[in-house]
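Q: Please take a close look at the aromatic side chains in this model. Which are buried or exposed, and what do they touch?

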Amino acid sequence: MIDIASLKSNIIFKKVFSQPDVFCQLVHDVLGTPIQVDHILQGYRYPEQVGHIDIELDLFAEDVNNQVVIQIVNAREVYYLNRFLYCHAIGLLQQMKSYRDVGFHKDLNYSFDKTVHTVVILTGVPCPEEEAIQFSVGTVHPDPVSEFGRRVGFYPHRLVLLNPRIRNEGTPESIRPWLELIYDSLGEWVDETRYRSPIFRKVIETIRKDKMTPWELAQSRY
């Protein structure tokens, strides 16, 4: 057993998942989409505010080659699910160009140049109205579903909610170890022998308390 810092702490969360290889592996395992990013921004705010909403994303990265934007949120306090839908929608709305930018015409193209994926990790607790959250993975997909029960394929964007406090027979095998490791970290102890993948070993080494600076240990309590 190893004494580790909790991934509920924003400082520790960002330290772990701002590592490009860890970030890319998490995204691949959650979304099934390989991405290539070299730099992850922490505490990212879009340059233009949408309406009355001003959000800060814990982690933000863009795969330029594949035109994919990844937003990651650590929901570490009492959370309201509506907040995350706003986060996801703002990532989409930022792509819209005003007619002043593209020239006004009746056939103004509203297409999205980039696919936006938002991953929310629920390390906190739900608000009282949402205590009945009983899933390990929940996906919001805006794509239309036809009368035959098939997605049409118009909108590839996704908002994914990960709940590490629940794992069940329906939890995808690629996601399960991430949820287990995050959940273990909430108790600040981990049995490292359960995690043999190099990427999980790296995460554990990153959050070992005996490898942290005094400042990191102090910040890990918040």
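A: Tyr155 has 35% relative accessibility, so it counts as partly exposed. This value, like those that follow, comes from a predicted model. Phe154 has 57% and counts as exposed, because the cut-off for that class is over 50%.

Aromatic pairs number nine in the structure. One of them joins Tyr44 and Tyr46 edge-to-face, with 5.2 Å centre to centre and 80° between the planes. Tyr44 and Tyr46 are both buried. Phe154 and Tyr155 also make an edge-to-face pair, at 6.1 Å centre to centre and 70° between the planes. Elsewhere, ring pairs connect Phe13, Phe17, Trp178, Tyr195 and Phe200 in a cluster. Tyr183 has a charged neighbour: Arg167 lies over its ring face, 4.8 Å from the ring centre.

Phe17 leads on to the largest nonpolar core, which has 40 residues; Phe17 and Phe23 touch the most other members. Elements giving two or more residues to this core include α1 (10–17), α2 (20–31), β3 (57–63) and β4 (68–74). The largest share, seven residues, is from α2. Beyond its neighbours within four places in sequence, Phe23 is in contact with Phe17, Ile35, Val37, Ile40, Leu59, Ala61, Ile70 and Ile72. A second, separate core has 19 residues, among them Ile55, Ala75, Val120 and Leu122.

Within α2, the buried residues include Phe23, Val27, Val30 and Leu31. The twelve residues of α2 should span 16 Å at 1.5 Å a residue, and its end C-alpha atoms are 16 Å apart, so the two agree. Just after α2, Gly32 has a positive phi of about 70°.

Note on methods: Residues numbered from 1 in each chain as written. Heavy atoms only, no water. Core = buried A, V, L, I, M, F, W, Y, C linked by side-chain atoms within 4.5 Å. Buried < 20%, exposed > 50% of the residue type's maximum accessible area, 1.4 Å probe, protein only. Helix = DSSP H or I, 4+ residues; strand = E, 2+ residues; numbered from the N terminus. Contact = heavy atoms within 4.5 Å. Expected span 1.5 Å × (residues − 1). Phe/Tyr/Trp six-rings, centres within 6.5 Å; stacked < 30°, edge-to-face > 60°. Lys NZ or Arg CZ within 6 Å of the ring centre and 35° of its normal.
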